[in-house]
Amino acid sequence: MPGQTGKPPLLYLTHRIPYPPNKGDKIRSWHILRHLAERFSIYLGTYVDDPDDWVHCAVLRQHCTDAFFVARNPTMHRLVATSALLGRGSISVAFYQSSAMQAWVDRVVTDVGIETALLFCSPVAPFVAPGTRAGDSLNRVVLDLVDVDSEKFREYAQARTGLGRWLFRREGRALLEHEKATSAWCERTFLVTPEEAALYRRRAPELSGTVDFFSNGVDTEYFRPDPTFPNPFGNELKALVFTGAMDYTPNVEAVESFATSVFPVLRSRHPELQFWIVGGKPTKTVTELTSISGVEVTGRVADVRPYLQHALAAVAPLKIARGVQNKVLEAMAMAKPVLASTNALTGIDVSPSDLLEPVETPDEHLLALTPLLNAAATAPPTCEALRLWVEKRFAWDSTLATLSSALLES
């Protein structure tokens with residue numbers, strides 16, 4: 001049954017409001033929405049966990065036939081989610097339980113006659129699972145798992161001891177069971193890189209035939225070099241910049257490790273260096289890093305591009321990383337040199353490889369910085385070859401073609 005626009009209707013469920021595209025999952029979910037809105041009449045069900053994001057609901061409604069937003073109070077939902085500890089269920093999945101969302105999903109699926117659904121991340125899957133009113137009405141459900149989130153919790157457990165290790169290990173097991181159970185009744189399951197897809201096939205070999213991937217992209221029209229951007233650093237500073245959501249554990253651990261273990265070594269050799277941490281909701285751990293000489297924490301900024309434009313280099317020293325790192329793609333699209341760990345470069349197979357070699361140790365960082373500092377005597381260093389490579393390999397419409405084909409299959 002066609003939607004009000006004459007296009008086939010699509011139920012699109014996401015665990016976080018897909019706008020503004022200012023963090024990894026929201027960048028992917030937003031570009032999916034924008035791409036699919038040209039092909040489907042979108043019925044969006046999503047959650048708002050940041051009060052500042054309510055003003056963006058109007059933008060999303062412009063792309064949707066209907067949209068339903070549920071306020072997610074992190075404290076209250078966390079209390080509800082802990083009830084999962086009494087059984088074998090995943091805390092992550094329990095975190096998104098909502099009778100209001102279930103009622104809306106059931107209503108629009110049956111009233112509109114929606115036959116196809118796209119799930120962005122597995123915690124929203126229960127709303128259309130077999131046995132629900134909506135689930136029994138749908139003919140095709142596609143899951144964008146993005147990353148193997150259960151693996152992330154397994155890695156968290158390895159880095160901790162005591163109760164923390166037990167909790168993360170338990171959540172990793174429970175979430176993997178949920179991921180596998182969901183994929184079993186979904187027609188297709190997508191991940192963000194061939195490496196993530198291969199990992200998921202190893203964890204769930206019985207599902208291998210339905211597992212595929214489509215990569216993240218980057219908006220190269222938005223992220224492009226522009227020397228007219230105002231310089232947020234001041235003319236004499238040489239800044240290393242990390243961008244990302246600063247309440248996200250892998251980002252917090254990355255900047256803490258870099259600021260305490262790598263940056264002091266770099267600054268002892270090059271006192272003009274600064275390390276700028278640019279991103280919203282910095283935790284106490286992050287803000288306390290400003291006690292280290294040369295470290296700056298901005299909090300949320302309206303636009304990260306001026307910071308990338310005028311930086312000496314972007315840094316991505318991630319220890320735990322799943323999928324393609326948008327922060328790396330965005331810096332590359334800005335023609336900015338990137339000092340990234342091996343993990344941060346997963347899924348970004350730059351060729352020739354000497355354009356973007358991984359760096360881990362302080363000595364490796366120093367070696368990579370030397371030519372950049374020499375070049376910065378006249379202007380911020382750039383790497384046009386990185387931008388050209390991104391334009392060729394990571395255009396959103398190209399990467400999303402696999403997904404839209406799967407949803408439109410007859």
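This is a predicted model: local features need pLDDT of at least 70, side-chain atom pairs count only at pLDDT 80 or more; totals for chains, interfaces and linings use all residues.

How are α6 and α7 directed, roughly parallel or roughly antiparallel to each other? Residues are numbered from 1 along each chain as its sequence is written, and side-chain values use heavy atoms, without hydrogens and water.

**Helix pair.** For α6 (residues 149-158) and α7 (residues 162-185) I found a packing angle of about 165 degrees and axes 8 Å apart; axes are lines fitted to C-alpha atoms, for helices over the stretch in contact, and angles run from 0 to 180 degrees between N-to-C directions. The two helices are therefore roughly antiparallel, a term for angles over 145 degrees. In the contact (heavy atoms within 4.5 Å), I listed residues of α6 including F153 and Y156, which belong to the set that meets residues of α7, among them F168 and L175. The residues of this contact divide into six nonpolar, three polar and five charged, where Ala, Val, Leu, Ile, Met, Phe, Trp, Tyr, Cys and Pro count as nonpolar, Asp, Glu, Lys and Arg as charged, and the others, Gly among them, as polar.

**Sheet.** I then traced an open sheet of five strands, ordered β10-β9-β8-β11-β12 with parallel pairing; strands (E, at least two residues) and helices (H or I, at least four) are DSSP runs, numbered from the N terminus, and two strands pair if DSSP finds at least two bridges between them. β10 (295-299) and β12 (338-340) each have a single partner strand, so one side of each lacks a neighbour in the sheet. β11 (residues 313-316) pairs with β12 over three bridges, and V315 stands opposite L339 in β12.

How values were computed: Angles under 35 degrees count as roughly parallel, over 145 as roughly antiparallel, 65 to 115 as roughly perpendicular and the rest as oblique.
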